[in-house]
Amino acid sequence: MMSSLLDYIMATIIGGAILLITITVTDTGTREFLNYNSDAITQINLANTSGVIEYDLRKMGYGIPEGSQILFKAEPGHIKFIAHLNREFDYFDHVIPHKDNVPDTIEYVISLAETIDYGDTILRMYKVTRILKITGEGVRMTDVGRIGNARVFRYLDQIGNPVDPGMELIATKMVEVTLTMFNPRVVLSPELVKKEVSSIQDQEFRKRELRRLLRTSFWRQTRLVSKNLRR
């Protein structure tokens, strides 16, 4: 009886040790994989987010009579505009098609998602929310992705110059979108930080090194032009 109990205890201890080793190895392997592939992961996320925004901006003003207001919100972190999304086809592919001639609304809101504190460096991640309003379909909100900048939209006139503040709703002919994306939890590990920056005494140099380690991926500035705004 005592021998069986001791065997059971030893088996439990050995099994627990093996499980702990397995979890540690798996966690280390996953972290190394993510760190090694972080640039590719970030670029894919960036391309997906920018693709959704560009697709919507291309529809800006579609089907709206000339001279009508198209933009209803034009801020660096908030854009709202109208277009006919279901005039010629059912946007959501219902069994019974829903089509009408009422303008629909597309809106993008950039809001703070989280703040990550590395001691002497604080990084902020922003959420990109897409708000779609189609008559008779209610409101649909989608989390498009996470980015590293709060000022995303810039409003330009017919020749590409920035529109004067306060004139965005009536003078905008083009919208320029800039996205910055990084994922500090993927790129950085405690071991990497300790190895690379913990011994640096100069605070400003430490901040620069930390940001360099983040390997921020920048989406090139692209003018996403809606031909329906060129009037």
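Glutamate 176 and arginine 154 form a salt bridge, with their closest N and O atoms 2.9 Å apart. Because glutamate 176 sits in strand β7 (residues 174-177) and arginine 154 in strand β6, the pair ties together parts that are 22 residues apart in sequence. Keep in mind as you look around that this is a predicted model.

Are the two partners buried or exposed? Glutamate 176 counts as buried, at 5% relative accessibility, whereas arginine 154 counts as partly exposed, at 36%.

## Other salt bridges

How many salt bridges does the structure hold? There are seven. One of them joins arginine 130 to aspartate 56, and here the closest N and O atoms are 2.5 Å apart. Arginine 130 belongs to strand β4 (residues 122-134) and aspartate 56 to helix α2 (residues 38-57), so this pair ties together parts that are 74 residues apart in sequence. Arginine 130 is buried, with a relative accessible area of 12%, and aspartate 56 is buried too, at 1%. Both also take part in a network of salt bridges, in which Asp56, Lys59 and Arg130 are linked.

Another salt bridge brings together the side chains of aspartate 143 and arginine 146, at 2.7 Å from N to O. Aspartate 143 is partly exposed, with a relative accessible area of 42%. Arginine 146 is partly exposed as well, with a value of 34%. As background, side chains of opposite charge can pair when their charged atoms come close.

Now turn to strand β2 (residues 78-83). Five of its six residues are buried, so this strand is largely enclosed by the rest of the structure.

Which strands pair with β2? Strand β1 (residues 71-75) pairs with β2 in the antiparallel sense, over four bridges. These two strands form a hairpin with two residues between them, and alanine 74 stands opposite isoleucine 79 in β2. Strand β3 (residues 104-117) also pairs with β2 in the antiparallel sense, over six bridges.

Leaving aside residues up to four places away in sequence, Phe153 touches Ile53, Glu75, Pro76, Gly77, His78, Ile79, Tyr108, Ile110, Val175, Glu176 and Val177. That list includes Glu176, the residue that forms a salt bridge with arginine 154.

What makes up the nonpolar surface patch of about 290 Å²? Met167, Leu169 and Ile170 make this patch. Methionine 167 is found in the loop between β6 (153-156) and α3 (168-171). With a relative accessible area of 38%, methionine 167 is partly exposed.

Note on methods
Residues are numbered from 1 along each chain as its sequence is written. This is a predicted model: local features need pLDDT of at least 70, side-chain atom pairs count only at pLDDT 80 or more; totals for chains, interfaces and linings use all residues. Side-chain values use heavy atoms; hydrogens and water are left out. Patches are made of residues with over 30% relative accessible area and no salt bridge: like charges are joined within 9 Å, nonpolar side chains (Val, Leu, Ile, Met, Phe, Trp, Tyr) within 5 Å. Accessible areas come from the Shrake-Rupley method with a 1.4 Å probe; for residues, only the protein chains shown count as cover. A salt bridge is a side-chain nitrogen of Lys or Arg within 4 Å of a carboxyl oxygen of Asp or Glu. Buried means under 20% relative accessible area, exposed over 50%, partly exposed in between (1.4 Å probe, protein chains only). Two strands pair if DSSP finds at least two bridges between them. Contact means heavy atoms within 4.5 Å.
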